[in-house]
Amino acid sequence: MTPVNPVDRHATSPPLALSAALLLWGWQAGMLPWAAAMAGLIELARWLPLRFEPGQEDFNRLWNFTTLLFLGVGLYLFLAREGPGSVGAVVGTGPPGDRLQGMREISQTAVVFLRWLPFVLFPFVLAHAWSRQGMLPWSTFSLYLRQQEAQVAVSPAGVWRPARVHPRHLYLAVALFSASAAMEHAAFFLPAFVAVTAWALWPWRNRRFGAPVWVGLLVSLLVVSGAARIGMTALREVWQQWENRLLQQSGEREFDQVRSSTAMGAVGRLKLSGQILMRVRSKRERPPARLREAAFNRFQANTWATAHREFQAMLPAIESGPFRVAADLRGVGFTEISRYTTQGEAPLALPGNVVSIGPLPGVLVETNGMAAARVRSAPRLLTWSVDYGPGGGFGLPPEPDDLSLDGLTDTDRAAIENLAVELKLAGESPERAVETVSRHFMLHFDYALWQPPRRGSTTPSALARFLQETRAGHCEYFATATVLLLRVAGIPTRYAVGYGVQEQRGDEWVVRGRHAHAWCLAFMRGQWEDVDTTPASWNEVEEEQAGFTEGLRDWFSEVWYRFTQWRQEGGTWQLYAFCVSMVVLSWLGWRQLRGSRWRRAGHQPLAASPPPLQPGADSEFYAVVAGLEVRFGPRPTHETLDAWVTRLGVAPELRPEKLREMLRLHYRLRFNPAGLPPSERERLRMLAANWTAANP
Amino acid sequence: MNTEANEAAREVYGRLRATIGGVIRGQDGTVRHLLAALAAGGHVLLEDFPGTGKTTLAKALARSVDAQFTRVQFTPDLLPSDILGVAVFNQKDSVFEFHEGPVFTNILLADEVNRASPRTQSALLEAMAEGQVSVEGSRRPLAELFFVIATQNPVEFRGTYPLPEAQMDRFAMQLTLGYLEAEEEAGILEAQVAGHPLDRVTACTGVAEMVGLRRAAAGVAVSAELRRYMVDLVGATRRTVGVRLGASPRASLALMKASQALALFDGLDWVTPDHVKELAISVIAHRLVLDPQAEYAGRSNRAIVEEILREVPAPA
């Protein structure tokens, strides 16, 4: 039976269209030599007669293999480009900056994958190009459709006419798609893209309209596409600006250890997130109540800063040993703190009286001496241990800035000095002064996250307004006022920021965004001591801010924390995962390919060919049919041979009477279960041979 | 293969066709299919507009065969017993005597079958499917040659009861005659100037020959591939969008038997795909029940079978 499918003849793409698409892709993806080689291999099939004869099952297997290759490449890219970390950053509870970065990483990985896609599909397309197969059923590319096909095939009345597609067309679309995946294109990419697309689609155009109409349409399309591209570029710029603004406004700002803008002066409700930032574990005793991230001593325009901007590396006494903060001291408390780093960097939150920081191999620890330490080159999840006890802490002695009121506005200075006079702080001992200030704030001030609007206010200064009018504010107000009041009393003070440790969950303590705190450091008894004058009610006020989704967020946070911990402890788990996956995928791929029987076409001995499945399938009349198809076009599959020959009304030179006789013999051979007597078969053979010889 | 019996059967077919063709002009294809249904042991539903010759065709066939012919005019008040028969009490002998109804015949013309109530229509079900009737607890076989030709008018709806699907399925074929070309219609007028040709029809064959024709048709070979082709065609109706009820396996059987008869008429001992395609619409279309949407969209049963014939590859 002739294998020619009537649709197949019109199903091939125009010459060189696929090669052009491949070259366009290679040019855009920076893989031009590869693309040229691939195009050459495919085009070579047009010129060489060598062909293979794979069956549908072989193509199914090859596609299965291609799917595995697809998965393997995807997995490789995912692991090689830190895919798990990026996905974790997006779905986890990290800062928004990390999420955006994660999304960017994922999209870049997807773009790289798209650019590699023509490589992945190439073996299948190449095999198809060197086979005699034309269009393939869609079921080749879908296990689901194959199952459907199998079910219909076993049903008693199965008629399955699957839609078919030429793989070359699909591949052309993939190549063009991959070509457009590059982020930046040369100016003439768009014309080239439209030209290749138009070339590929040209045979399918509606012939009702002439070529000039189509060319005009394509030019219009090109113009519109160019305009759209300009618009897209502008849109991308707007998006990037928006993204930058989002990063700037995001909840956890990049912490600055030399400068801290306070929220003093802002009106409305101060809202901080319930996101878990740190986890603190302490085996025996309660962990320190406050963890300090930085300390400042210059105040100006509601901003605290420090002159000690230089950070210097801390070196452990012995290699891979602990970092000693206070030499010759032994800590009485021990705690462990974990937090996520951003691109390897994070401030170290430490108790005020830290004695030593546990070993952090491979991590660079720096300090500016002002009770601020930070890490660089740290893993994503950093855990550090801290020894702390009396006498500990960063020992930078008091300096003139610690007593200065220089940066204050006149209003603030007047408010502070008036209050100091009112409290009779002058000449008081440090302990007495601290006690007086604490008692004053405790008795006459409230903790509030709400600042009323300034209507009716007599002073433009937030600090003065806090001290004289509202008498309510959050920790930054109390800490700032305390620092300045004690300075008036002649006590060196600093402004410290960090977190309160106040929420216990199971056997660990969690530190949330809303636990951020500020307090005063006063130099008393020869060392820096914490002075926290914020009313103790701040804990409860902050806890009231917990949203109803906090439990769910905590659960995700916990899961992600455990996963990150497991990953970091697992060492090169990606390598192991990749190796195992590759072995599994290779095994599956081998299983798919081992059953294939690719034979060269036209070189099999006759005896080896399988017996015809249907009686008369080897009829000589099919050669005549093939000859007629060459002359008159393919026979529609639904049309019987008799109806077709009648419809053709063949010319006398084609000897219709002989055709009729052959058709009668062929019908008898095909449809009479008794078959055709040998003599009549011989006659059919002879008639067909004569006819084909006379009508080459 | 009994060649002589086949030759005899073909001769009977030729005579019948000539006789009927003398009465019904321009309907060779319909007559061929009608005779194929008769030879295949099936029954025929003639559906067409009034005056197109449905009853004439039925009567022409009845008169062509020297067999018992009964005509029943279906009306809304017709009862099942009016068709099947009734047991009447004989006071003299004090026994119930069964009086056979018109169904006990060789050729039954059920004229305007859709005017009777569904109950009466259903009385024909057993007779058509099994060649017997069950009346008052006893089964009574019908004649070996039992052929029903029913007619109905597609345009009238008032006072009619559309045949139920089960009843439609009992008909091997639904045939239509259609209006003729002007020249052919003029020929009919000419032929009837001196009287109706039907009056001149005499029987050209008998019951025994008709039974022989049926046996010969049943002996025609059908290849496995063609059997599968028939099943594919019928099966496709069950998966076609817009068809609520596809054709049953009875349709496949009817298609095979009618194809055998057609092959016999053509002088072949085996069926070809062309026979199958020729009969597919007559055998399958009337059994389909379309979705209302499909009907409103203007699709017809016939068009759906034509679509299927264009979809399913024919053995070549």
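This is a predicted model: local features need pLDDT of at least 70, side-chain atom pairs count only at pLDDT 80 or more; totals for chains, interfaces and linings use all residues.

Author: In β24 of chain A, the bridge partner of A:Met524 is A:Gln527. Residues are numbered from 1 along each chain as its sequence is written, chains are lettered from A and ligands numbered from 1 in the order in which they are written, and side-chain values use heavy atoms, with hydrogens and water left out.

Strand β23 (residues 516–524) and strand β24 (residues 527–531) of chain A run antiparallel and are joined by five bridges; two strands count as paired if DSSP finds at least two bridges between them. Strands here are DSSP runs of E with at least two residues, helices are runs of H or I with at least four, and both are numbered from the N terminus. Two residues lie between the strands of this hairpin, and A:Arg525 takes a positive phi near 50 degrees there.

Another antiparallel arrangement in chain A is an open sheet of four strands, in the order β9-β14-β15-β12. Because β9 (312–313) and β12 (346–348) stand at its edges, each with a single partner strand, one side of each is left without a neighbour in the sheet. The partner β14 (residues 364–367) is joined to β9 by two bridges, the two strands running antiparallel, and A:Gln312 stands opposite A:Thr367 of β14.

Chain A as a whole has 20 helices and 24 strands. Of its 696 residues, 45% count as buried, a word that means under 20% relative accessible area, whereas exposed means over 50% and partly exposed lies in between (1.4 Å probe, protein chains only). If a contact is taken as heavy atoms within 4.5 Å, then residues 24 or more positions apart account for 77% of the contacts in chain A with a separation of 6 or more. Chain A exposes about 35,500 Å², with carbon and sulfur atoms supplying 60% of it; such areas come from the Shrake-Rupley method with a 1.4 Å probe, and for residues only the protein chains shown count as cover.

Chain B meets chain A through a contact that takes 26 residues from each of the two chains. The area buried between them is about 2,000 Å², of which carbon and sulfur atoms give 57%; this is the accessible area (1.4 Å probe) that two parts lose on being put together, summed over both. One salt bridge is counted between the chains, namely a side-chain nitrogen of Lys or Arg within 4 Å of a carboxyl oxygen of Asp or Glu. B:Glu225 forms it with A:Arg670, their closest N and O atoms being 2.6 Å apart.

Chain B itself has 13 helices and 13 strands, and 53% of its 316 residues are buried. Its helix α11 (residues 273–284) is mostly covered, with eleven of its twelve residues buried, including B:Pro273, B:Val276 and B:Ile284. By contrast, B:Glu307 in helix α13 (residues 301–311) of chain B is partly exposed, with a relative accessible area of 29%. The C-alpha atoms of B:Glu307 and B:Thr240 are separated by 9.6 Å, although these residues are 67 residues apart along the chain.
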